Amino acid sequence: MATRNKASRRDFLKIAGTTAGGLFIGFNWMSCDSPKVEVLSTEAILAQAQRFNGYLSIAPTGDIVIYSPNPELGQNIKTSFPMLVAEELDADWKKVRVLQANLDTQVFDRQLTGGSGAMPHSWERLRKAGATARFVLVASAAKLWNVPAEEITVENGIISHKASRKSGHFGEFVTEAATMTAPEEVKLKDPKDFKIIGTAVKNVDNAEIFTGKPLFGLDFYREGMLHAMIQRPPFGMKIKSVDDAAAKKIAGVQDIMIYENSVAIVGTSTWPLMKAKRALKVTYEPDGTVESTEDHNRIFKDMIANQKGEVRREDGDVTQAFKNAAKVVVAEYQCPFLSHSPMEPMNFFAHVTGDKAELIGPTQTPERARQTAAGILGIPPENITVEITRLGGGFGRRLAADFVAEAVQLSRMTNAPVKVIWSREDDLNGGLYRPAVRYRFEAALDESGNMIGYKLKGAGINSGNSTRQDNFPSGAVANLKIESVEHKSPITTNAWRAPITNFLAYAEQSFLDEVALEAGKDPVQFRLELLDKAKNSPTGKIEYDVDRMIGVIKTAAEKSNWGKDPAVKQGFSVYFSHRSYVAQVADIVQEGGTPVLKKITAVTDCGIVVNPTGANHQVRGGIVDGMGHAMYGNLTFKDGLPTQKNFDTYKLIRMKEVPEVDVHYVDSGFDPTGLGEPALPPTGGAIANAIFAATGRRLRSQPFNEQEEFSDIKLAIRRA
Amino acid sequence: MAKLNLRINGQSREVDVEEDTPLLWVLRDHLGLVGTKYSCGIAQCGACTVHRNGEAIFSCITPVSSLIEDEITTIEGLSEEGDHPVQKAWAEVDVAQCGYCQTGQIMNAAAFLNKNSAPSMDEIDDAMNRNICRCGTYHKIREAVAMAAKLT
């Protein structure tokens, strides 16, 4: 892992000129002898390859190496990015090797994983990288064969000129290609001509993952490195006393250091540190406010009832609309803090030497890691290298660099290479959670059941703006007011997969279900009527594409047989987030007096589906994630510390709790948008609405499993 | 510290560790076998699953001193070429998202199929319920176990 990427950096040619688009102009390469070896190691390929641009190297053997710049945490970017390059190159996918690129801001732009943004950001530039390389390869063949370039065809890595019956693989032209200048602009393929995009290309790391190769940050090892674990304070507390006598006696513990508000234990392997951490006696005292869940519940009620919110959007005259209403519907929804809990706990490696530093590990934001280290060490960022390992999940937790900072500080303090390791308990207790939020919704209906007024007040703990004021149903209601209020807490929060909307979507879609039923309307029809208003008489700014939202709603109704079978109790939900549209229907069937959640139908419009397997993974995975946390996820606090310490009390969804998920796409033809997040937000609402349809119980708080209204409903989950 | 002789992946390995060290950390920190993963450390998630005499165990809670007589198999020893039927099925079904839990899933599935070569889907669900996948690849895991049963 470590050596391979470093070797590639050292052994290859320099890039003479690049742009953010990855275009490479002019080559500077190593020797080009071409050994006749059937299967070359990636190192061997790289040693003789020509780098066409930031993303692409081709060896004289015809072997291709494609660099994937963005961190891979399970969103499949390391497979789908290279597919885009290979598509426009007309490469033989079997000849492609993929390498995770290190942080390189000179070559790559937006080298991060977050916001489901990689695909929309790179859709064009990656294809251009392939297309420009193809252009110079074709030009090289034209020159060598002395034929017009327009008569040359490329298929599956073979360049051919039919009339002269000449053909050769890419590798035969890389030397000539190196003398050419890549064009700035080149025509990209019509999507109907795609051969690789749209196919179920398998995860490029399958063989290494399934044989247990060292891919992840926690697997990284460097001779002479120290392991470190850290005792961190409860939120709002500071260290009062430290008794490390017993901990120091544990064999394998090298040193225990108090720094800032933490106690670090270093040694040469992990287990002694875990034991020492348990033997460590640290007492704390308040350092500001120390909060518990009861405090939060009180704070929420106060925020909603008494505190003036920041108005995010105001359309029409809400006061008058509610005065004129024939019926008013009011409901409040609340969600708890959640931990990201990726399977691989936080960890990072740092080696600080003089005014230089080497960082290696799982980060969603390598540039933030570097800037953080530069800030701590007071050295220029260009003196710091960042190698990105595979991430054992992220869910937003690894957007932060707190664990990077720890590794850097400890490497500097110990003057040694250090890998910081968080235990699962550290991971659950160490902060940066999904913020807890409470919403108050109010809807005004006229005599015909039309929604003439809509109010939303979001109250969050370290949530920032807990609303999405320009998202549906904004634009569809003439009189609307959206505001938010925030409580600042010592409990730290961070983006958690589909930030804010991971809960807002559930609350809103459940509330709209309540309003539809109060209006005496079918929930799907009610949404379509609102969208009809948004289309034909819109109010104010609209962030979503009305037609695309209608498209997923109608397709989901059709695919799920919405309302067709009275024995199937269904819940509907639809949400636009991260540029994609997802509608979901949950099906509950009564079996022997027990409501059984059998199926969730999902219809997604993410534009062109780059890789159906990867897309299905993200949709199913997002739904499983959304369902698991809606049903079970709960992080409560007592005196500044989470009550849940590990997976025995912090429940994650398991195999037997997963219904069938039926996945469909709307073929809208738009450029692809990301899928890491958009399938998650609608799930809680679809399930809650189905539970209401089946049992008459409205679940207005998560997790469902812990709600009073749910306690006597023995919801079973079985696949159809 | 104690010098202990272990049988791991068909080989004799001597380690010098505290007797209470869980097998997981001996594998990862002392023998460089990092395919066995740490995630919870309390036998809740299954990421650390290895075989003891063919049975799936949680290596995170198993003291290494309790394994002296036992044949231990880790993911690195499940097959020579990564071509155990379960590994083949995992690749064919393209199971992984982040991939971190998958070696534990594979080891659990392999031990399960050794005992039950023609499982029903419900039996697969029961057997695989002891492993958590935070990415939610459960549908694929289920499909891959069923496929592996056919390949076995």
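Two residues are in contact if their C-beta atoms, placed from the backbone, lie within 7 Å. By that rule, 45 residues of chain A touch 44 residues of chain B. This is a predicted model, where local features need pLDDT of at least 70, side-chain atom pairs count only at pLDDT 80 or more, and totals for chains, interfaces and linings use all residues. Residues are numbered from 1 along each chain as its sequence is written, while chains are lettered from A and ligands numbered from 1 in written order.

**The A side of the interface**
- α6 (206-210), α8 (270-279) and α17 (612-631) of chain A each give two or more residues to the side touching chain B, and α17(A) has the largest share with six residues.

**Helix α9(A)**
- α9 (residues 293-306) of chain A reaches 20 Å from first C-alpha to last, close to the 20 Å expected at 1.5 Å a residue (1.5 Å times one less than the number of residues).
- A:H296, A:F300 and A:M303 are buried (20 or more other C-beta atoms within 10 Å of a residue's own; exposed is 12 or fewer, partly exposed in between; C-beta atoms placed from the backbone).

**After helix α11(A)**
- A:G378 follows α11(A) and has a positive phi, near 65°.

Terms used:
Helix = DSSP H or I, 4+ residues; strand = E, 2+ residues; numbered from the N terminus.
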